[in-house]
Amino acid sequence: MSLNELWFVLVAVLFVGFFFLEGFDFGVGMSTRFLAKNDMERRVLINTIGPFWDANEVWLITAGGAMFAAFPNWYATMFSGYYTPLVVLLLALIARGVAFEFRGKVGNEKWKKTWDMSIFLGSLLPPFLLGVVFSGMMKGLPIDADMEMKAGLFDMVNLYTLVGGITVVMLCLVHGLLYTALRTTGSLQERARKLAHKLLIPQAALFVVLGVMTYFQTDVFEVRGLLLSVIAILGVVVFLLAGRFISKKKDGWAFGMTGALIALGFSSVFIGMFPRVMVSSISDAFSLTIDNAASGQYSLKVMTIVSLTLLPFVLGYQIWSYFVFHKRVHEKEHLEY
Amino acid sequence: MDPIMLARLQFAVTTIFHFFFVPLSIGLALLIAIMETMYVVKGKEEYKRMAKFWGKLFLINFAVGVVTGILQEFQFGMNWSDYSRFVGDVFGAPLAVEALFAFFMESTFIGLWIFGWDRLSKRVHLLCIWLVAIGTTVSAFWILAANSFMQHPVGFEINNGRAEMNDFFALITNGQLLVEFPHTVLGAFATGAFLITGISAYKLLRKQDVKFFKKSFQIAVIIGLISSFGTALFGHQQAQYLVKTQPMKMAASEALWGKSGDPAPWTVYAHIDSDSGKNNFEIQIPYLLSFLSYSSFDGEVKGINELQAEYEQTYGPGNYIPPVRTTFWSFRIMVAAGSLMIVLGLWGIYLMKRKKLESPNKWYYRLMLWSISLPFIANTAGWVMTEFGRQPWTVFGLMQTKDSISPSVTSGQILFSVISFTTIYAALGAVMVYLFVKVIKKGPFAEDSHDEHSADPFGKEGYHVS
């Protein structure tokens, strides 16, 4: 494997890791709006993700940093091309991040409602926008010979990317509900599990629509038909297993399955694009690839050494932190937020 | 409107705002780690309460620092895509390492620290706050490594029209970094310390929780004095490095148009007329600029006009003079604020040694409350000087600001983002100050607002609470 390929895989892994991890805390954030019946339940929900959401978000920052360092042209084209959606994404993440810390600091209804709204919108908008962005990248965007992306509103937002966005939101929501089932008790746990079960059907429908549209609207099946078909079949299996585990109340396993769905879904985005990193809708020749978008070999080599040395520690302490907070969150204990 | 001006405005606003919180996080993390260490070593509950109380302020501040930091990483690609293409190979690496090495550490261990009081052993919990403190400091190292490359590019070669890294070790041992990092981090320690001394002074003035705040004051004033003094020392080193590597920035920060003469005097005040390239009125201290530049009382410093001619020879025709007035005054504001901090720190140590902290010198305590603003003023002025003084370059000698912008982004888009970020930042700033005041007023012995609120039997949600 060349260093360019390795870094493409690493960037993909960082994004997949981000959606797997922050996916559930986005889901929990969204569910505070309709799953929690009162302030205490909302606090329980928020406290289940309290120790983790910040580190989960760092996966996104690291993915961005890795893109910048390993594929500066990919980073430059994508971030300047998707300017406005990224502004909204950042505003949402800002409002959400401070809301966790702020909401409990003043005992006033209006105050809490404001920050609860921030948590809800801040958890709903990012997966939606990122779904729009990633499906748009697969479909192709007007990227010219200078690697500049000059996309109008409808290049970015169209039926295909909207379905992409909604699918990601739904994935995160179900993933988050199962995480809630895993970390809470009593009626909250029951309700989370039930809702997750109910949402499986619309989620399946979204997947089918997105899959069919992907077949007709992108070239990814022409390029990697076999591999993507295998992933699709795996997806169906994982999906059925998720349903089964939920009915058997095996929340951990069910959560693993929705995580696997997220991983399969986002892997197929990267697999479908490879070796391109951004598909040009103007001409194939203008697409950014892992070669024309990349840093020099020296840079990639240094970064490979640094990151492969650090990665075991990073993963180690993150896993440990999940182990420390593996107990379920009760209403009666001290709630931080 | 000019997209470059808008993009620069956005960078200035978001970076300055972000940099209110970063130094405070770095400084408070260290002080809280020290307090918790005293708790673990001495076993006294008061130190634990101290770590928790100052920890509340730290967390509010940390939250704003984190969320405003994400934008910093994104906006290079969003507003400055040509810059990102040109230097991504070199500049991206420290940012990626920062995320991997520092951000993960901070964010994981801060979660463990907040939620881990009852779940972790004392020692492991203490380790968590130290790892947060180390993480924030390491993060500063990497971001300053990236910034130092912009001030003094090293470890690269130009290939295919862009900068490519060829020596990573040179990048992280950049002479600029070796003076900029200690200067900035010590300034950050001082920022945390002055917040604690200022609030403690306010509380001592009002005779509230005297024992608690006297202890806090003592710890913080020592750290505050040492770090302010260290900041000045490394500032001096940095000035000397500047004369060698960015003489134009030095000349601009002195509003020195012609030659300085030998020995060179330091200009305290100047009435600068940038248009005609001269000062109408100056107050000078003899020998001092020579000392600042070379640590000796002789030596000449090059002026703006001479350097402009040199740069035109090297880089071709163009205007290489940074905004002189801004650079000149931000330097003086920084130095003045820093010097005041040292004086106030010494005064505090004197009162402490004389055991006069409990019979308060009202003037001193009032001054200390106001002096919370000093490190923020100094930090901001320092960055303004560093970044304005480098103009018209983004990477000194390699790439100019006007060539760094994203070609595909319109003024309208940038205007939209400038307005939305400025609005949300202003709101965050206001909320943060409000929360700080609230936490401080309640003091270290108050219960959580959550509990008060939940206990209200007439509240709609009172029924669900045991």
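The model is predicted, so local features need pLDDT of at least 70 and side-chain atom pairs count only at pLDDT 80 or more, while totals for chains, interfaces and linings use all residues. Residues are numbered from 1 along each chain as its sequence is written, chains are lettered from A in the order in which they are written, and side-chain values use heavy atoms, with hydrogens and water left out.

**Chain A as a whole**

- Chain A has 12 helices and two strands, where helices (H or I, at least four residues) and strands (E, at least two) are DSSP runs numbered from the N terminus.
- Read from the N terminus, the elements of chain A follow the order α-α-α-α-α-α-α-α-α-α-α-β-β-α.
- The radius of gyration of chain A is 20 Å, close to the 20 Å that the globule rule gives for 337 residues, so chain A is as compact as a globular protein of that length; this radius is taken over C-alpha atoms, and the rule is 2.2 Å times the number of residues to the power 0.38.
- Along the principal axes, the C-alpha atoms of chain A fill a box of roughly 60 × 40 × 35 Å.
- Of the 337 residues of chain A, 64% count as buried, a term that means under 20% relative accessible area, with exposed meaning over 50% and partly exposed lying in between (1.4 Å probe, protein chains only).
- Among the contacts in chain A with a separation of 6 or more, 80% are between residues 24 or more positions apart, and a contact means heavy atoms within 4.5 Å.

**Annotated spans in chain A**

- An unreviewed UniProt entry carries the annotation "transmembrane region" for several spans of chain A, including residues 82-99 and 119-137; such annotations may be inferred rather than shown by experiment.
- Residues 82-99 of chain A are 94% helix and 0% strand, and the end C-alpha atoms of this span lie 26 Å apart.
- Residues 119-137 of chain A are 100% helix and 0% strand, with 28 Å between the end C-alpha atoms.

**Chain B as a whole**

- Chain B contains 15 helices and six strands.
- For 466 residues, a compact globule would have a radius of gyration near 23 Å, and the 24 Å of chain B agrees with this.
- The C-alpha trace of chain B spans about 75 × 55 × 40 Å along its principal axes.
- In chain B, 60% of the 466 residues count as buried.
- Residues 24 or more positions apart account for 78% of the contacts in chain B with a separation of 6 or more.

**Two residues in detail**

- A:Phe102 is found in helix H5 (residues 83-102) of chain A, and A:Phe102 is buried, with a relative accessible area of 0%.
- Leaving aside neighbours within four places in sequence, A:Phe102 is in contact with A:Trp111 and A:Trp115 as well as with B:Ile60, B:Val64, B:Leu428, B:Val431 and B:Leu435.
- A:Phe102 and A:Trp115 are 13 residues apart in sequence, and their C-alpha atoms are 7.3 Å apart in space.
- B:Thr68 lies in helix H2 (residues 45-79) of chain B, and B:Thr68 is likewise buried, with a relative accessible area of 0%.
- Not counting residues up to four places away in sequence, B:Thr68 touches B:Phe17, B:His18 and B:Tyr425.
- B:Thr68 and B:Val22 are 46 residues apart in sequence and 9.7 Å apart in space, C-alpha to C-alpha.
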